[in-house]
Amino acid sequence: MFASGYDVTHFLSGLMLLVSFMLLYQDRMFPILNVFAFQALVLALAVAWQAFIQDAPHLYITAGMALVMKAGVIPRALRRIVRKLGIHRDIETVVSVGMTLIAAVLLTLLAILVVVPLTGTRAAETREDLAFSLAIVLLGLLMMIMRRNAISQIVGFMSMENGLILAATAAKGMPLVVEISVAFSVLIAFFVFGVFVFRIRERFDTIDVNVLDKYRGERK
Amino acid sequence: MNDVGLTLVLCAPITAAVLLAAIKPYRIAALVNIAASLLAFAAASTLFWSAPADNDILFVDGFNIYLIALNTFVGLTTSIFSATYISHELETGCLTPVHLRFYHAMFQLMMGAMSLALASNNIGLMWVGIEVATLTTVLMVGIYRTHEAIEAAWKYFILGSVGISLAFFGTILIYLVAQPVIGEGLTAMSWTSLIASAAQLEPHLLSLAFAFLLIGYGTKVGLVPLHAWLPDAHAEGPTPVSAVLSGLLLNVALYAILRFKMILAANPNTLSPGPALAVMGLVSLLFASFMLYRRRDIKRLFAYSSIEHMGIITFAFGLGGPIANFAGLLHMTMHSLTKSAIFYAVGHVTQAKGTQKLDNICGLSETHPALAWGLGLGVVAIAGLPPFGVFASEFLITTTTFAREPLLAILFAAGLLLAFGALLMRLQGVLFGAPTAHSSPLKASLVPLFAHLALVLWAGISLPQPLVEWFQRVAELLG
């Protein structure tokens, strides 16, 4: 199936982008979390593959972190929150799924058109990984904008971080301090998000961000 | 060599954060908070006499040393202000002792993270510093747990994370640009080697990286249209946090943008970063000036004023050249000192009057004369009236713009005048008029407030010669 190492890189980062598209049209909570966990799994594989071909053993730590935290602990915790709050019902999106996917295709095109011509002198893997990861970042952003539910926004944010880690590992020899810091910041981010979700629940009995908008200080 | 000084600047706040998380009595905690800030400031001052040796992780040069000193100084005065502010919040039951421990620990952690961001010689480490500072302020903004505070913190968090993610993508791009020229590893991310080999870097990719960095860190600076988090975060958090947000964190984010601008300026083939900065600055200035007229909340009013002033500073650096850069640096300092002074005053005012609504704050000059003087002088200073330092920098920017870009100068001057009108109109209502019924006596230390105003006044009347020479040197570095 894979004629060369390049094919594997290509396959894994392409798969991550595909999963980003899948995230966009899920309209219930549990599938969103499952798809996100799958993306994190692919990310862990992609990072481990980079560690292998770049002969950079420290990247295995990043891969392990992605596997344990993002594919395991975090989706499980979020699933528990969803079950506790009883919000398995449908998510309303701001515009229709069709429009969202069209926007997603355009963003992916934009990412490729911006990155590929500008990185002409680099290795093909680096260029494509960078283009893919920019697309994943943009799709994560799109998801955060399109969804009104706090948990889907968290997932959108974390999928954005997946794209960033893919880019950071594709850049050959980028110092370890950065990778760990990214993984770490995701941890902190999750902690913060978790606190917020609970506080929001405490106050409003809902985690729909639309309800929060009523409490904007200016409108009292 | 003074490695001890720099280590102390970074370690004092972090050690204090751990300690403060454990200390229960709030009086002792407030004292420890002040002591740690004092230690950091004293250590930062020693850097002037002997700078530490540069390495791939940390460095101190003409540009960041002045911001480190300014940051630790404002951190010190804010911790003094915070001590009186917080004891009032405890008495009225707005904060519980547990929240307070959390607040003190977060405050010191934020100071440490900002010093790290300023002193780091590594673009990745700087990113980590700004990220940590953002997260700690998010937690502090949400500390009152009211509906508004949670909404503000949530908005700040979402927008801040998006900005910080885009900035990280820009950071990766910078590394990719540097890697073929400098080689792999830490050196490819250090400011010193990036600047040294800026001319050989690939120009197109460098321009693209700057676009991401400008949007990413620009969100943290509060440039329009990325400013939406700023007024909410300022208005709903504790006032000492508003003071450090406006006075320090915005500066740190702007510092990051300016560092990257220096790399672009040293490379002749890149897109020129100046026009982008100038346009964003001018739009922020004009937008915020108009927004100032419709504010009903006193902290929101001054939050918009911060957007306005960050716009002025960004515009000055976008214009470039020795005079505009000099004025930009001066304005950064003056705004930092004046705005934090204003927030100290506002903090006491809202506590004395029990409200943040501008309509309900009247007749301050009758009920609290000393505070009224402080707030009045602060607003006069920030509105850009002589003899305060803000006037000097705004005057310099205006004249040099008129000499070089008359059309832009008209817009710029219009923005300044609009903001001036709005601030004085509001100030009149707050200071004079019939006092409102609710008004409690004040137990507060006004020393930090007047110390800042005295410094701003001193800078306006005669800027000390060493400071002038030093700003000139940095202005040259900025290109």
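**A predicted two-chain helical model**

A:Val105 is found in helix 4 (residues 97–118) of chain A; helices (H or I, at least four residues) and strands (E, at least two) are DSSP runs, numbered from the N terminus. This is a predicted model, in which local features need pLDDT of at least 70 and side-chain atom pairs count only at pLDDT 80 or more, while totals for chains, interfaces and linings use all residues. Residues are numbered from 1 along each chain as its sequence is written, and chains are lettered from A and ligands numbered from 1 in the order in which they are written.

A:Val105 is exposed, with 12 other C-beta atoms within 10 Å. A residue is buried if 20 or more other C-beta atoms lie within 10 Å of its own, exposed if 12 or fewer, and partly exposed in between, with C-beta atoms placed from the backbone. The C-alpha atom of A:Val105 is separated by 8.8 Å from that of A:Phe21, 84 residues apart along the chain.

Chain A as a whole has eight helices and zero strands, so its elements run α-α-α-α-α-α-α-α from the N terminus on. Of its 220 residues, 45% count as buried. Two residues are in contact if their C-beta atoms, placed from the backbone, lie within 7 Å. Among the contacts in chain A with a separation of 6 or more, 69% come from residues 24 or more positions apart.

Confidence is given as pLDDT, the predictor's confidence in each residue, from 0 to 100. Chain A averages 77, and 73% of its residues score at least 70. Within chain A, confidence is lowest in helix 7 (residues 176–204), at a mean of 55, and highest in helix 2 (residues 29–54), at 90. Where pLDDT is low, the predicted coordinates should not be read in detail. Chain B averages a pLDDT of 88, with 99% of the residues at 70 or above. The model scores ipTM 0.85 and pTM 0.90.

Helix 12 of chain B has 22 residues and reaches 32 Å from its first C-alpha to its last, close to the 32 Å expected at 1.5 Å a residue. The expected span of a helix is 1.5 Å times one less than its number of residues. Because 22 of the 22 residues of helix 12 of chain B are buried, this helix is largely enclosed by the rest of the structure. Just after helix 12 of chain B, B:Gly320 takes a positive phi of about 75 degrees.

Helix 15 (residues 369–382) of chain B has 14 residues and spans 20 Å from its first C-alpha to its last, close to the 20 Å expected. Here 10 of the 14 residues are buried, so helix 15 of chain B is also largely enclosed by the rest of the structure. The buried residues include B:Leu371, B:Gly374 and B:Ile382. What covers the buried residues of this helix includes helix 12 (298–319), helix 13 (321–353) and helix 18 (447–461) of chain B. Helix 15 of chain B is followed by B:Gly384, whose phi is positive, near 95 degrees.

In the loop between helix 15 and helix 16 of chain B lies B:Pro387, and the peptide bond from B:Pro386 to B:Pro387 is cis, with omega near 5 degrees. Another cis peptide bond, also with omega near 5 degrees, runs from B:Val224 to B:Pro225. B:Pro225 sits in the loop between helix 8 (203–221) and helix 9 (229–236) of chain B. Most residues other than glycine have a negative phi, and most peptide bonds are trans.

B:Leu226 is placed in that loop between helix 8 and helix 9 of chain B. B:Leu226 is buried, with 22 other C-beta atoms within 10 Å. Leaving aside its neighbours within four places in sequence, B:Leu226 is in contact with B:Gly163, B:Gly218 and B:Thr219. The C-alpha atoms of B:Leu226 and B:Gly163, 63 residues apart along the chain, are separated by 8.7 Å.

B:His452 is found in helix 18 of chain B and is buried, with 28 other C-beta atoms within 10 Å. Beyond its neighbours within four places in sequence, B:His452 has contacts that include B:Thr77, B:Leu337 and B:Ala341.
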